[in-house]
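Here is a chance to look at the labels we put on a model and ask what stands behind them. Let's take them one at a time.

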Amino acid sequence: MRHRYAIAALLFLLCGVALAGPERVLPEGGGGAAIPGAPTGPAPDFTLPDLDGRPVTLGPFLGKKPVLLVFWATWCPECKAAIPEINAMATGPLAEKLRIFGIAFREPREKVARAVKSRGIRYPVLLDGKGKVARAYGVVGIPTYVLIGSDGVIVYKSHALPGDLSTRI
């Protein structure tokens, strides 16, 4: 009897994957689970405050070099685990070719500032206190990584960092 339930569950799962289609199961080029409804086309512009309260607008950074948006939260263990890799991108050889912005999702400035300091985050962090930018980018879970090409078009969106980032920029 247990085998019937296991087989039925497996068939249900396989049918769901088949109905979703390959574009919803893996993003172009692999690198993590695709996010259904991921925006394509031009990246939505936004202005958010940094940790010092100064407004930062995405627009002036577009068209110069690719931009990686890292939607994260202080409570997220996957976000914490990715910090060393993102720090390496922000300060290593890719730093000349890529602009990175961490976007703290719906958390108070003080809490984010403490996390940035204690975790040694070395890239700019912006505050999306009401989640408006996350909604504009269709963020449905944390972490979410959005890579915007140098032409201002979204080229990657996933819950995992792209494994082949240097080939995408």
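Q: In which strand does Thr 144 lie?
A: Thr 144 lies in strand S6, residues 144-148. Strands (E, at least two residues) and helices (H or I, at least four) are DSSP runs, numbered from the N terminus. This is a predicted model, in which local features need pLDDT of at least 70 and side-chain atom pairs count only at pLDDT 80 or more, while totals for chains, interfaces and linings use all residues. Residues are numbered from 1 along each chain as its sequence is written, and side-chain values use heavy atoms, with hydrogens and water left out.

Q: Why is Thr 144 called buried?
A: Buried means under 20% relative accessible area, exposed over 50%, and partly exposed in between (1.4 Å probe, protein chains only). Thr 144 has a relative accessible area of 0%, so it is buried.

Q: What makes the pair Thr 144 and His 159 a polar contact?
A: A polar contact is a pair of N or O atoms within 3.5 Å; within protein, one must be able to donate a hydrogen and the other to accept it, and residues adjacent in sequence count only if both atoms are side-chain atoms. The side chains of Thr 144 and His 159 are joined at 3.4 Å, so the pair qualifies.

Q: Is Asp 50 buried or exposed, and how do you know?
A: Its relative accessible area is 12%, so Asp 50 is buried. Asp 50 sits in the loop between strand S1 (47-49) and strand S2 (55-57). The side chain of Asp 50 also reaches the backbone nitrogen of Asp 52 at 2.9 Å.

Q: Which residues does Asp 50 touch, not counting residues up to four places away in sequence?
A: They are Val 56, Val 125, Leu 126 and Leu 127, where contact means heavy atoms within 4.5 Å.

Q: Why are the buried residues of H4 said to be on the same side?
A: In helix H4 (residues 109-119), Val 112, Ala 115 and Val 116 are buried. They cover an arc of only 100° around the axis, which puts them on the same side of H4; the arc is that of the directions from the helix axis to the C-beta atoms. The face turned away from that buried side carries the exposed residues Arg 114, Lys 117 and Ser 118.

Q: What do the buried residues of H4 pack against?
A: Their partners are strand S3 (67-72), strand S4 (99-105) and strand S5 (125-128).
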